[in-house]
Amino acid sequence: MFIDFEGIDGSGKTTLSNLLAGRLKKLGYRVAHAREGGELRSSTARRVRELTRDARLLEMSPRAEFFLNLARDAQQLEEVVAPALSRGEVCITDRYLYSQLALSGGGRGLPMSELRPACELASQGLWPDLVILVDVDPDLARWRKRLGKALTNKSEAGDSRKGMVGAGLAVRVRESFLALAKEDPRRWLIIENNDAPLHVLEQRLVDAVVARLEGRDTPVQRIVPAPASVPTGPVEVENVEARFFQALDTVEPREPALAVWMLGGLPGLAAHQRRLEFVERFPALTARGLQGLDDEPAWTLREVLAPLAPAQVAASLLGQRSARAAMLRERLYAQAPAEALQGLKGDSSPQAWALRERGVRDGKLGDVLLGLSGVDGEESWVVREAGMQRGLYAEVARSLGGLSDARADALREALLPHDRLAVLRGTQGLDTPVARGLREALADKATKLVMRSLTGLSTEEAWALRERAAPRTKEALDSVDGMNDPRAWRLRVTHASRWPATVLSSLKGLPVRPEARVLIQRVLEAHPRKLPALRNAYAVIATAAALDTRATQARASRPAVDAPTQQVEL
């Protein structure tokens with residue numbers, strides 16, 4: 001029997017396919033997994049896959065990508081799948097030719113009528129007996145992917161070619177998978193992997209597959225586990241805090257690391273109390289979640305976690321320029337030099353330069369450059385010149401973030417042949433000739449990075465790019481984070497149904513005034529159980545409350561000024 005698992009990145013198909021393989025082996029079946037542990041068993045297929053993932057190959061056309069992916073699957077078929085089936089084994093794949101139809105057709109927009117004959121040729125007539133589509137909310141899948149990167153210390157600079165296109169690709173691919181399943185319901189089994197316990201999904205999956213293996217009729221096309229018990233009734237701005245934490249309670253038993261990850265950056269006592277519950281089990285994730293927080297509980301927790309997770313605590317100091325932050329970085333440098341140095345962005349204080357000089361002496365020039373973004377002055381240019389001499393082109397390009405003068409743009413020009421994507425990453429919020437040229441050239445090839453580079457930018461070109469991209473990817477909405485411009489509000493309202501969680505996150509930092517309340521309520525009414533939407537709505541409200549509190553405290557701490565005494569001339 002030939003079983004194929006399909007689904008978008010972050011759906012959990014690799015986890016479930018490996019669980020199924022293990023359970024079937026225990027039941028006495030002979031099983032071959034063509035991608036056991038997430039790695040293709042054919043070394044040739046692995047090398048082909050590297051080409052399709054390489055983000056530097058931005059000019060690769062959708063058709064070229066399609067044929068390379070076909071070659072990968074054809075090689076797996078020849079080398080792994082067909083031999084296993086000929087031996088009478090159950091063969092499990094994690095992606096097959098359906099992935100190429102969904103990606104190239106649904107995701108990239110190539111005509112399905114042209115893709116199907118090529119897939120038939122690659123298949124040699126061998127198609128799975130059972131296709132298991134692991135279906136998941138794309139926003140939740142994205143949270144899981146980010147968590148996976150955090151747990152493996154991977155940065156987003158390592159995004160694949162698919163990642164460069166933006167999150168909208170996963171949404172379109174998912175829609176295509178569901179359409180393929182609808183065409184052939186006897187072959188496809190859909191299993192939802194949103195909030196049910198993993199052991200429940202595993203058992204339901206094993207039962208369904210064993211029924212097929214034993215020749216029993218299984219007319220059910222979709223496995224929808226009973227949802228976790230959550231309160232019923234409408235979600236409103238006034239009760240979103242309670243509903244978010246109740247939803248988090250349902251996630252924690254199944255995915256405790258995800259529960260910790262979703263607390264990241266949330267201010268307020270309720271979030272802080274939840275973090276304290278995870279300190280012993282997940283010190284590193286808890287520390288990472290302190291980034292952007294500047295209240296007393298966050299600083300106290302940093303002190304507690306510093307010996308346990310020095311690198312993550314140092315990373316949480318990004319954007320903090322106080323004397324307190326400088327002292328903590330100095331202490332953490334010996335254990336986490338990279339994170340301490342990279343967190344100095346925008347900091348031109350004497351303490352920051354003393355730490356940079358120490359980093360250069362210790363051979364950490366690349367990390368010094370990555371923490372030089374937003375810093376001008378001759379000292380910074382000396383460091384950049386040293387980076388150029390040592391071939392640290394990506395790091396030098398990133399060091400130019402926030403600099404819009406002619407000197408910075410001239411260096412960007414020199415760096416373009418070495419690393420266009422790094423140059424683009426260093427143009428966030430800038431309106432310079434090089435930035436405009438890169439955005440125009442890469443708008444359709446690296447849409448995610450182009451949109452992120454527009455963050456905070458309010459030019460006609462920026463708004464035109466956002467409006468063009470918004471129907472296809474959520475990063476257009478990410479680029480208006482915290483913006484109170486009427487055009488930002490139009491984008492939010494227009495695309496709230498397509499990108500609900502992102503529309504909410506774009507409100508973070510804004511006061512919750514009537515316009516914001518109406519939009520938040522609209523999204524919550526449409527998605528009362530959508531965890532990323534609940535989380536982002538709460539983040540907006542909690543952040544607004546924290547900013548109000550801080551402003552009130554600042555006003556109260558100002559010394560009173562006596563009214564001037566009126567001078568009366570006698």
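**Helix 30 and around**

Me: Which residues of helix 30 are buried?

Reply: In helix 30, the buried ones are A516, L519, I520, Q521, V523 and L524. Keep in mind that this is a predicted model.

Me: And what covers them?

Reply: The cover over the buried residues of helix 30 includes helix 10 (240-251), helix 28 (486-495), helix 29 (500-505) and helix 31 (531-557).

Me: How far does helix 30 reach, end to end?

Reply: Helix 30 takes in residues 514-526, so to speak 13 residues, and spans 18 Å from its first C-alpha to its last. That is close to the 18 Å expected at 1.5 Å a residue.

Me: How many bridges does strand 2 make with strand 3?

Reply: Strand 2 pairs with strand 3 (residues 90-94) over 3 bridges, in the parallel sense. As for V31, its bridge partner in strand 3 is V90.

Me: How does helix 3 pack with helix 4, parallel or antiparallel?

Reply: Helix 3 and helix 4 (residues 97-107) pack at about 170°, with their axes 9 Å apart. That angle makes the two helices roughly antiparallel.

Me: Which residues make that contact?

Reply: From helix 3 you have P62, E65, F66, N69, L70, R72 and D73, and from helix 4 there are L97, Q100, L103 and S104. The residues of this contact divide into 5 nonpolar, 3 polar and 3 charged.

Me: Where does A82 sit?

Reply: A82 is in helix 3, which covers residues 62-86. A82 counts as partly exposed because its relative accessibility is 31%. The C-alpha atoms of A82 and F2 are 9.3 Å apart, although the two are 80 residues apart along the chain.

Me: Last one, L213. What does L213 touch?

Reply: Leaving out residues up to four places away in sequence, L213 touches M1, L24, Y29 and V90. L213 belongs to helix 9 (residues 198-213). L213 and M1 are 212 residues apart in sequence, but their C-alpha atoms are 7.3 Å apart in space.

Me: Why does L213 count as partly exposed?

Reply: Because its relative accessibility is 23%, and buried would need under 20%.

Note on methods:
Residues are numbered from 1 along each chain as its sequence is written. This is a predicted model: local features need pLDDT of at least 70, side-chain atom pairs count only at pLDDT 80 or more; totals for chains, interfaces and linings use all residues. Side-chain values use heavy atoms; hydrogens and water are left out. Helices (H or I, at least four residues) and strands (E, at least two) are DSSP runs, numbered from the N terminus. Buried means under 20% relative accessible area, exposed over 50%, partly exposed in between (1.4 Å probe, protein chains only). Two strands pair if DSSP finds at least two bridges between them. The expected span of a helix is 1.5 Å times one less than its number of residues. Contact means heavy atoms within 4.5 Å. Axes are lines fitted to C-alpha atoms, for helices over the stretch in contact, and angles run from 0 to 180 degrees between N-to-C directions. Angles under 35 degrees count as roughly parallel, over 145 as roughly antiparallel, 65 to 115 as roughly perpendicular and the rest as oblique. Ala, Val, Leu, Ile, Met, Phe, Trp, Tyr, Cys and Pro count as nonpolar, Asp, Glu, Lys and Arg as charged, and the others, Gly among them, as polar.
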